[in-house]
Structures are given as structure tokens and as C-alpha cells.
Amino acid sequence: MREEINAYNNVLELIGNTPLIKLNRVTENIEGNFYAKVEAFNPGHSTKDRIALYIINEAERRGILKPGDTIIETTSGNTGFSLAMVSIIKGYDCILAVSSKSSKDKIDMLRTMGAKVYVCPANVSADDKRSYYSVAKRLHEETKGSIYINQYFNDLNIDAHYNTTGPEIWEQTKGQITHLVACSGTGGTISGTARFLKEKNPNIRILGVDAYGSVLKKYHETKEFDSEEIYPYRIEGLGKNLIPTATDFDMIDKFIKVSDEESAHTAREISRKEGLFVGYTSGAAMQAVKQFAEEGEFTKDSNIVVIFPDHGSRYMSKIYSDEWMGEQGFFDSVNIEEAQKIEI
Ligand code: PMP
């Protein structure tokens, strides 16, 4: 009798159950106990693996998808990578309509993962027939047996986190979590995780992170869409210029805005001080923690979980490039001797 080999059946079995890791040095001068939910441990290196797998599984369960069908989405970011990965294992075609602003590296990576990538002009409005929204919609209409993931307007995005991220954090903290700090893009992560946690304990504070240049914080406070809030910014995946229905604003107690510059420096600080090589929005989430602490959100007994959405490797030519940081003017306010001491 041969012993059973200890192996996973495929890469998808590794999605979820990411570790909670105590933050020790980046939080040195802040009251409270801080734990990072490190989503880079997903096989696709981001939290988006969860929604890709969950939405596709759900479509299969409802009989909407069958082998050989096509998955369509508008993204060059993490969601695109995760959908391509899930499509490979489950035998679907994956079509991604991306903006011409996307880096060549990202497009090459998606094509390597078997996706068919349509590069659409960035400088046209969403309703222009050449925009990536219109192209994805048209491809969906023209492709028999296709589903359009539409993550900003898909409730299953929230459900994915309600069923996975929320219960994991509750279990890992043994119910002792007092605060959740999470970035909001589509809003799926914060809304789904919060919905689960608030059902368990309505006193848990849900703290959202938004970007300067995005409308989410203002909308949360006024319920009005203020286009004056919108201007270009650098952080990818955080904030939005529209109101996603995948955000349940009632679940969020408070939003804070973070800047491109401080978030970039804080991401580098996390790598340097914790040995965790994280993405730009992890820096944004940690920057938000610092700002919330200044507002007196935490006490020494608080147990704060901060979601770190993805891995640093996707940002080598951005926040982890000194040239890029210099071009953005992000070293201008840094003491040059301090900067030299920073070994990256
Ligand atoms: N960080 C990164 C890097 C992302 O790609 C996203 C998704 N847009 C987020 C944070 C925000 O997550 P969510 O869409 O669930 O709000």
C-alpha cells in the first residue's frame, strides 16, 4: 500500500486562509495591537483571487457557466490576473479589456497567463464605444456563453469577502478584533468583511481608506456625488471616480483620505521594518492607521486588523523604484541623509 502524496490538486486550493501577522516595528509609536491580514499569500499574490474564484464558482453553481465558456472583465490589475489564473485551471477563455495606460509589464503578464487582452484608449469617456467599458460590454453581448464579472457592480464581490475574509479574521482573532482598517476600491473587501464582523459584534469599528482625488469619503459623509473631489492620483486600486454598488456604505463607520506620497513612503517602511514586501495600497492602509491614531481612534487595548491587499512585486517600476519616486517629487521633502540610510 503506497502512502498518499501530500500535495494540493491545483493552485486554486491555496486561495484564502491567508495569515494574520503581528506588526511590530512600523507601529512602534502607536497605541494598540496591530495585525496585518497579508493577502499577498494568495497564489495570485492578491485579495482578488478570492473574488475571482468565488464569482466563477457561483456562476457554475447557478448553471450560468459551462466548460469552454468565456470570462470577461475590464481590468489590468489584480482582478485580471486572478481571473486569468482561475480560468486556466477551470478551462475557460479569459478576455480582459484594459486601458492603454496599463504598463507593458502588466499586459505581458496577463497574456502569459493565457488571457486575451484588448488594449483600449485611456483618454475617452466611459460611454465612448472605444472605452474599455464599452468594449467589454460589446464582447460580452457578442460572445455566446460569456459572463461579465463587472466587479464594481457585482454583489458577489461583497459575498466573497463575507464568506471568506470575514470569518477568517473572526477566527484568527478569536473574536477579539476591535477595529478593521481596509482600503476601498470596489468596496467588496471592506463591505463583505465588515458585514460578517458586525453580525458577530456590532461594536467593531470599520475604518475605510480612500485616496485624495476620489469621491468615496465625501459620498459616505453627504450621500452626494461631488465631481469636484475628482482629480488624477497615483495609487492604483484605491478610491474611485464613481459610486460602486459593491460598496455597502452603511457598514463603514469612518473614512480617511491618504496621499500618494505618504502611502508610497509607508509601503517602503513596511518592507524595511517588517520584512513584508507589500503593494502600494498596503502602504495606504498603514498610512491611514497612523492618521486614525492621531485622531485618537485606538487605545492600548485595541486589536486592530489591517488588510494588506497585494504584493510589492507588482510595483517594482513604481514605488520601489528610486527613479520613479524622484520623478514624482516624493523625495523632495525627505531629508537626503535620511534617504541615504534607507536601503532598498
Ligand atoms: N488594493 C489593491 C491593490 C486593489 O487592486 C484593490 C481592488 N481595486 C483594492 C486594494 C481595494 O479592494 P476592493 O476593490 O475590494 O475595495
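Which side chain does the side chain of Q291 make a polar contact with? I looked this up and found the side chain of Q287, at 2.9 Å. A polar contact is a pair of N or O atoms within 3.5 Å; within protein, one must be able to donate a hydrogen and the other to accept it, and residues adjacent in sequence count only if both atoms are side-chain atoms.

I noted that the model is predicted, that local features need pLDDT of at least 70 and side-chain atom pairs pLDDT 80 or more, and that totals for chains, interfaces and linings use all residues. Residues are numbered from 1 along each chain as its sequence is written, and side-chain values use heavy atoms, with hydrogens and water left out.

**Q291.** I placed Q291 in helix α10, residues 280-294. Helices (H or I, at least four residues) and strands (E, at least two) are DSSP runs numbered from the N terminus. Q291 counts as buried because its relative accessibility is 16%. The cut-offs are under 20% relative accessible area for buried, over 50% for exposed and in between for partly exposed, with a 1.4 Å probe and protein chains only. Not counting residues up to four places away in sequence, Q291 touches I256, K257, V258 and E262; contact means heavy atoms within 4.5 Å.

**Positive phi.** Most residues other than glycine have a negative phi. I found a positive phi near 50 degrees at N17, which lies in the segment before β1 (20-22). N17 is exposed because its relative accessibility is 66%. K174 has a positive phi of about 50 degrees and sits in the loop between α6 (165-172) and β7 (179-183).

**Core.** I then looked at the largest nonpolar core, which has 38 residues; F308 and I319 touch the most other members. Such a core is a set of buried Ala, Val, Leu, Ile, Met, Phe, Trp, Tyr and Cys residues joined through side-chain atoms within 4.5 Å. Its largest share, seven residues, comes from α10. Leaving aside neighbours within four places in sequence, the contacts of F308 include L23, A36, I270 and M286.
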